[in-house]
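The following dialogue takes a new reader through a structure, one feature at a time.

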Amino acid sequence: MSEQQFCTFYLGEHYFGVPVSEVQEIIRYQDMTRVPLAPDVVSGLINLRGQIVTAIDLRKRLEFEAKKDDKKLMNVVVRTIEGAVSLQVDEIGDVLEVPDDCFERCPETLTGSAREMIWGAYKLENKLLLILDTGKAINL
Amino acid sequence: MDDVLKEFLVESNDNLDNLDQEFLELEKNPTDKDRIAAIFRSVHTIKGTCGFLGFAKLESVTHVGENLLSKLRDGVLLLIPEITSALLALVDATREIIKNIESTGSEGDKDYSVLIDTLARLQKGETNVGASTQSTSDAAEAEKAPASAEVAHEVVTAAQPPVELEQAEQIPVVSEPAPQAVPEIKVEPEVQKTVEVAPPTPMKPPVSVAAPVAEAPKETKAASITEASIRVDVKLLDDLMNLVGELVLTRNQILQYSNKQEDSTFITTTQRLNIITSELQESMMKTRMQPIGNVWSKFPRVVRDLAGLCKKKISVVMEGQETELDKTLLEAIKDPLTHLIRNSVDHGIETPQERIEKGKPEEGLLKLRAYHEGGQVNIEIIDNGGGINPDKVKEKAIQKGLVTPEEATKLSERQITNMIFMPGFSTAEKVSNISGRGVGMDVVKTNIEKIGGMVDIQSKFGEGTTIKIKIPLTLAIIPALLATSGGDLYAIPQVSLLELVRLEAENAAKKIEMIHGSPVYRLRGKLLPLVDLNKELNVGEEIIGSNRAVNIVVLQADDRQFGLLVDDINDTQEIVVKPLSSQIQSVPVFAGSTIMGDGRVALILDVMGVAQKAHVVSELKDKARHDLTIIHEEQSGERQSLLLFSCQDSGRMAIPLSQVSRLEKFSMSQIEKVGTQEVVQYRGDIMSLIRVSSTLSERRKNMRNPEFVKEANSNNFIQVVVYKSDKAHVGLVIDRILDIVEASNQIQRTASRNGIMGSLVIQGCVTEILDIEGLIQIGNIQDNGQKNEEGMAATGLVSEASLMQ
């Protein structure tokens, strides 16, 4: 049985994962430059060692409620065809190896923009690992 | 196979570029054996490879060329212009075919039989010019060649019954092994040939392989020269460049950290890292730089061909071929330069008869010069031709409606000369297929300006023309003005920047007026629409009505001007432009982003985008109309721009802005003396200084000693208005620049003293208008910077008077 590795993170009580192969690196909260007039989900530009990376607020992107505490967001920098993009998340989890057979597509009842961006879920023992479609998430 | 083909194309293109150059050099020194051998090798390499790849047409063309070259190499034929032209035509044909192969994969269906015939005929010594002189040796040669060719043909066919199609095609032209055969013709040619061709044939059935294999030793010889350099993908260089950029930023962080450390080993290591990083960065920049000679190398050929067409004699001199600039810029200037050179040949340099009549050497000179200066590359195209006739240009400009006759009379000679860059302008009396269609010079100008460059033309009628081009070293780094808006830093490209205006808090509310909610500012009498950057970007507090000092950045978008209000103006800086990611590319007001020295990211404003967002474009239609009326007023001679300044004890004075060439600041220590005359070194010249207040002193009781003035000036700087007279710069020393205003030029009160034209009421105060020429006469400065005798006496009086004080 084949297994896949996921880099996991939290958004509120939701547990998310993206394939490790898509993740370039994970960095702490960074100061960034806001981009006026840009879509609301763009939180700013980060200088990542000389490379300018656009940061996307994943909560806003998935139309989740705004964060209540003022803990600084973490950056999951993913590789895309057009260069690196950072997804801002609440907290970083472990790298998980999960068997393919516990995967299931999203139920039809899921609505809103989350439906397009959540690829499906791995049924773990005590919770669900939601798999993010990064390509769709960064395509504003 | 694809890779082989690609390599062939790249290699052939390089070879062809060299060939043009080599041929022209060869023409100057037709007996240069090494050069002929080099050319022969290049052509041979192309021929050999294309035979191998199965490009029959290319092979047949290069083949005859090769034969002709081999005769030149052996001294059987001498290089005469006809042969050079034919060989250059061969190079062109080859280039054409290779281009076809590159774009379509096939050789194209153009027929080259005429060229082949010409080359074959020349090879037999049948030239129109040189036929008589060479007939004897050529006749013998002509007999020998077909004979040996025939034998060779027999040998080949005998050794190898199944002849390939390509081989069959070549034979009618001239037999394949002929070039090798010629050198060895004296002793047993047949035997040698069989030896050369035979070995590969038994092992490798396809005959077409034979040529490259047989030639292999020659290629290795050439390779030793090219081993010094390797081909690298530009993408790889870009990646490396980015990595170096990252390294530089990391280095900066470490340097900052090491300042707080006391461990000496760590500090010295950091220092070493610092030095190595800087050197690495510098070397990395160099990899993208290419010598301008790469582009220039094509020009002697262009000039030769054109000169032939126009029946002119022109020699090309190049200086500073090694001057380097960024690869992308090099590509961008190629076409404009070609155009300018064609122009110089076609319009600039006269025919030999004309030149002799004018007492010039029969051969015209076209000089290309390149050099680095102040972080820019300067390119000059200098010809000693007829120059530009300013009267003709003026006439033409009026005739084409580019300027009105009244305007034309006010223009300086240089302004007139530069009018040839206006769209739709061409002075050539007849339109040739080279130039004269009136498109071009304006395109040259726009293309050069597009890459942030400048072009200027200077011409002396009858003596020649110099075209100067200034371009930045690289495109990726641009100068920008940094401004703050809503607490963030934004970069504004300096290309669009016109000027900066600051209104103090108490003035701001008064000076900024509203037209139905849209703020405007009267800039020298014209209404300048204002755009509040904070409001447009939706950041921070709106600037208008905030009771703060207002900073206006006057920008040019297209042919319109507008004032951008920002919170603060910070600095100008060279910035590295980085593209925006796709998520924010849709925001029209930004052109890119950049990283500041402290690691922060700053956005680069797209001036045009801002103008469109703020609807400056539609508002400006009115402004254009407004401009028209202003021009109208100017034409009727009612208004002019004046530079207002003050001088000690002399009150407010003004100079027409049109007479001011620059405003400069000099430190006291820069002032030198020539006799009693104060001078400064200015742009490689000596500029005389006139202290306006002490020169205009007759009417005052208290004469001012210049020395005293010097002391009185506490900040150790003098403000100088630079005035350009016919021959030299003259600097007027003043106290303070007050403003630039638009005012009626109707003198309200005539002059009461020399050096003054009269007085006017400007901004509610009486202001004297300076008569600069008159002032220069009082100051007794002649254009050559010397004083005349009368002047000496006068100054003597003044200094005596000042001593008496």
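Q: Which residue is the bridge partner of Y10(A) in β2(A)?
A: The general idea is that strands of a sheet pair through backbone hydrogen bonds, either parallel or antiparallel. Two strands count as paired if DSSP finds at least two bridges between them; helices (H or I, at least four residues) and strands (E, at least two) are DSSP runs, numbered from the N terminus. Here, in a predicted model, Y10(A) has Y15(A) as its bridge partner in β2(A). Strand β1 (residues 3–11) of chain A and strand β2 (residues 14–19) of chain A run antiparallel and are joined by 6 bridges.

Q: In what order do the strands of the open sheet in chain A stand?
A: The order of 6 strands is β8-β1-β2-β11-β10-β9 (chain A), with mixed pairing. At the edges are β8 (91–99) and β9 (103–105) of chain A; each has a single partner strand, so one side of each is left without a neighbour in the sheet. From one strand to the next, the twist averages 35°, with axes taken as lines fitted to C-alpha atoms, for helices over the stretch in contact, and angles running from 0 to 180 degrees between N-to-C directions.

Q: Which residue takes a positive phi in the hairpin of β6(B) and β7(B)?
A: G462(B) does, with a phi near 90°, in a hairpin that has 3 residues between the strands. Strand β6 (residues 454–460) of chain B runs antiparallel to β7(B), with 7 bridges between them.

Q: At roughly what angle do the axes of helix α2 and helix α3 of chain B cross?
A: Helix α2 (residues 33–53) of chain B and helix α3 (residues 56–73) of chain B have axes that come within 9 Å and cross at roughly 155°. That makes α2(B) roughly antiparallel to α3(B); angles under 35 degrees count as roughly parallel, over 145 as roughly antiparallel, 65 to 115 as roughly perpendicular and the rest as oblique. The crossing of these two helices is left-handed, a term used if the near helix is turned anticlockwise from the far one by less than a right angle, with right-handed used if clockwise. The residues of this contact divide into 10 nonpolar, 6 polar and 4 charged. In this scheme Ala, Val, Leu, Ile, Met, Phe, Trp, Tyr, Cys and Pro count as nonpolar, Asp, Glu, Lys and Arg as charged, and the others, Gly among them, as polar.

Q: Is the crossing of α15(B) and α16(B) left-handed or right-handed?
A: α15(B) passes α16(B) in a right-handed crossing. The axes of helix α15 (residues 299–310) of chain B and helix α16 (residues 327–348) of chain B come within 10 Å and cross at roughly 30°.

Q: How many residues of chain A are in contact with chain B?
A: Two residues are in contact if their C-beta atoms, placed from the backbone, lie within 7 Å. Here 19 residues of chain A touch 23 residues of chain B. β4 (42–48), β5 (51–57) and β7 (83–89) of chain A each supply at least two residues of that side of chain A. The side of chain A that touches chain B has 11 nonpolar, 5 polar and 3 charged residues.

Q: What is the mean pLDDT of chain B?
A: pLDDT is the predictor's confidence in each residue, from 0 to 100. For chain B the mean is 73, and 74% of the residues reach 70 or more. Over residues 699–713 of chain B, pLDDT stays under 50. For the complex, the predictor gives an ipTM of 0.88 and a pTM of 0.46.

Terms used
Residues numbered from 1 in each chain as written. Chains lettered and ligands numbered in written order. Predicted model: local features only at pLDDT ≥ 70, side-chain atom pairs only at ≥ 80, totals over all residues.
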